[in-house]
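Keep the picture open as you read.

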Amino acid sequence: MIEFHPVTKHIGAEVTGVDLRKPLSQEEVATLRAGWLEHLVLFFRDQHIDDEQHLQFALNFGTLNHPAFKKDSTSPIHVLDQTSPKGEGGDEWHSDNTFEPTPPMGSLLRCVQLPSVGGDTCWANTYLAYETLSPWLQRLCDELTAVHDITMSMRKAIAKGHPFDLAEIQAQWPPVERPVVRVHAETGRKALFVNRASTTRLVGLTDRENEALLPLLIDHIRSPEYQLRLRWRPGTLAFWDNRPTQHYAVADYTERRRMHRVTINAFPEHTDPA
């Protein structure tokens, strides 16, 4: 029997009673989806699966999202293989690819190899980040939109030695505007939807107003009450909802860390306009 064991009061649960090496029944998929929507991030321990099993599990919940800058575009598995991650972009609070016309719904990240110490990942509940704003500030944010732009993250990648053509990437992925408060298509709950990696300004506000308000909103999700921290083990798989969460990859290691990720888009019936 599938069971969910909360990791913190507000976010995250470890799942027992399921073997990801085997196909899931419709009832199991429905149970896991309900638990995922409730807890926002699910952790499956001791699941020593291969890439095909990883992919098939992911496709129970959404359609495949191909990473925008993946070198091997023929494989649905994105391999994150790092020994010097500091400044690569994962080590700041973010939701994945909010610069895309339709950001991905979620990701399933599997631990393959770890350094001897370090390499944890943190997640934050952005429902709670919105709900704990003062009512006045909630009302203001409800009316605002923000610009999301790939430029900041690409400049960091280029500075780290990745051979990207910034002008070409900017032409392919121009800035987009989206609501500061995102309404979840499945739960109807509101979540704060700005992040340090991609959000550049609040539309309609002066520069001075942006300098005051945007950092406040971005920093608000850093409160420990909204967060959890996962210590990985090989065979651990994390499945998170990209819509009401942000995550942070702790860049405290200099040994090899290898993770395999599948990113998914929402099924049409679960798509929201943000």
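Does E131 count as buried, exposed or partly exposed? At 37% relative accessibility, E131 counts as partly exposed. Bear in mind that this is a predicted model.

**Charged pairs**

Side chains of opposite charge can pair when their charged atoms come close. A search of the whole structure turns up 14 salt bridges.

| D51 | R110 | 3.1 Å |

Start with the pair of R110 and D51. R110 sits in strand β6 and D51 in helix α2 (residues 51-58), so to speak two distant parts of the chain, 59 residues apart, linked by the pair. R110 is buried, with a relative accessible area of 7%, while D51 is partly exposed at 30%.

Next come D120 and R229. D120 lies in the loop between β6 and β7 (121-125), and R229 belongs to strand β13 (residues 227-230), so this pair ties together parts that are 109 residues apart in sequence. D120 is buried at 9% relative accessible area, and R229 counts as partly exposed at 49%.

Now back to E131, which is in helix α3 (residues 126-131); its partner R189 is in the loop between β10 (181-183) and β11 (190-192), and the pair links distant parts of the chain, 58 residues apart. R189 is partly exposed, at 35% relative accessibility. Salt bridges can also share partners: R33, E186, D241 and R243 are joined into one network in this way.

**The cysteines**

A disulfide is a covalent bond between the sulfur atoms of two cysteines. How many disulfides does the count come to here? The count is 0. Turning to burial, C111 is buried, at 3% relative accessibility. C122 is buried as well, with a relative accessible area of 9%.

**A sheet and a neighbouring loop**

Three strands make an open sheet with antiparallel pairing, in the order β9-β8-β12. Its edge strands, β9 (176-179) and β12 (199-202), each pair on one side only. From one strand to the next, the twist averages 35°. Strand β8 (residues 145-148) pairs with β12 over 3 bridges, in the antiparallel sense.

D149 is found in the loop between β8 and α5 (151-159). Is D149 buried or exposed? D149 is buried, with a relative accessible area of 15%. Leaving aside residues up to four places away in sequence, D149 touches F99, P175, A197, S198 and T200.

**Two positive phi angles**

Finally, look at two loop residues. L40 is not a glycine, yet has a positive phi of about 75°. L40 is placed in the loop between α1 (26-39) and β3 (41-44), and is buried at 2% relative accessible area. N97, also not a glycine, has a positive phi of about 50°. The loop that holds N97 runs between β5 (78-82) and β6 (106-113), and N97 counts as partly exposed at 23% relative accessibility.

How values were computed: Residues numbered from 1 in each chain as written. Predicted model: local features only at pLDDT ≥ 70, side-chain atom pairs only at ≥ 80, totals over all residues. Heavy atoms only, no water. Disulfide = S-S within 2.5 Å. Buried < 20%, exposed > 50% of the residue type's maximum accessible area, 1.4 Å probe, protein only. Pairing = 2+ DSSP bridges. Helix = DSSP H or I, 4+ residues; strand = E, 2+ residues; numbered from the N terminus. Axes fitted to C-alpha atoms, helices over the stretch in contact; angles between N-to-C directions. Contact = heavy atoms within 4.5 Å. Salt bridge = Lys/Arg side-chain N within 4 Å of Asp/Glu carboxyl O.
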